[in-house]
Amino acid sequence: MLTSRSAAVLARVRDPLAALTPAERRRAAAIPDRDDRDTFTAAHLLARIAAAEVLGAAPEDVTIRQECEYCPAEHGRPSVPLAPDLAVGWSHTRGGWVAAAAGAGPLGVDVETTPTRHSTALARRALAPAEYRWMREAPDPGTAFLDLWVRKEALIKVGRLSLGTLARADLIGNGLEPMESWSGFRLVPVRRGPLVGACALPGPAADRLTVRHL
């Protein structure tokens, strides 16, 4: 798993947009804010870098496609035509932070940046009662909330949760800290400066996962 600032990723590629598919370029062009557009592009590029490292290929030779199982739109779970069995995922957040992972899957990645405050209403909707109590008792409730939120978002991306079932998953097993696994998936935490993240993937694949900061 790789994490980076978007500027560092973009600097590694001579023409970042040229490395994307036409569908990705259209989605990038539709983002009005330049910083958000750069972060979107960097996340998709970082996913190619992560996949290339696993495959022993050059990032520019890796194509990533997204297909929706419900409609013809080019979104949904990503895949690598060069390696159909390879799972790949990415996430990006405020402040130009991006993360990506590739490996035996399915896998899900989510990252957020430490907030100045957290939403109590969102926390009540997303957290189980034990999780909410743990968050409220933490020295930094905002970061505690994100520690749980990124894990749940990663589980959504592997199909184990949905936005409507977030509060049904209690990830505070012993009441002291978030669980390391849930529903057959390992939850690997990622912390770097203000970045709070998690990667969800099957247990054997998690044993081979390394986290590296570009």
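Mentor: A term to start with: buried means under 20% relative accessible area, exposed over 50%, and partly exposed in between, with a 1.4 Å probe and protein chains only. This is a predicted model; local features need pLDDT of at least 70, side-chain atom pairs count only at pLDDT 80 or more, and totals for chains, interfaces and linings use all residues. Residues are numbered from 1 along each chain as its sequence is written, and side-chain values use heavy atoms, leaving out hydrogens and water.

Trainee: Is S183 buried, exposed or partly exposed?

Mentor: Partly exposed, because its relative accessible area is 38%.

Trainee: Where is S183 found?

Mentor: In the loop between β7 (181-182) and β8 (185-192). Strands are DSSP runs of E, at least two residues; helices are runs of H or I, at least four; both are numbered from the N terminus.

Trainee: Which side chain does S183 join in a polar contact?

Mentor: That of R160, at 3.3 Å. A polar contact is a pair of N or O atoms within 3.5 Å; within protein, one must be able to donate a hydrogen and the other to accept it, and residues adjacent in sequence count only if both atoms are side-chain atoms.

Trainee: How far apart are S183 and G96?

Mentor: 31 Å in space, C-alpha to C-alpha, and 87 residues in sequence.

Trainee: New topic. How many helices and strands are in the chain?

Mentor: Seven helices and 10 strands.

Trainee: What does the C-alpha trace span?

Mentor: About 50 × 35 × 35 Å along its principal axes. Buried residues make up 48% of the 214.
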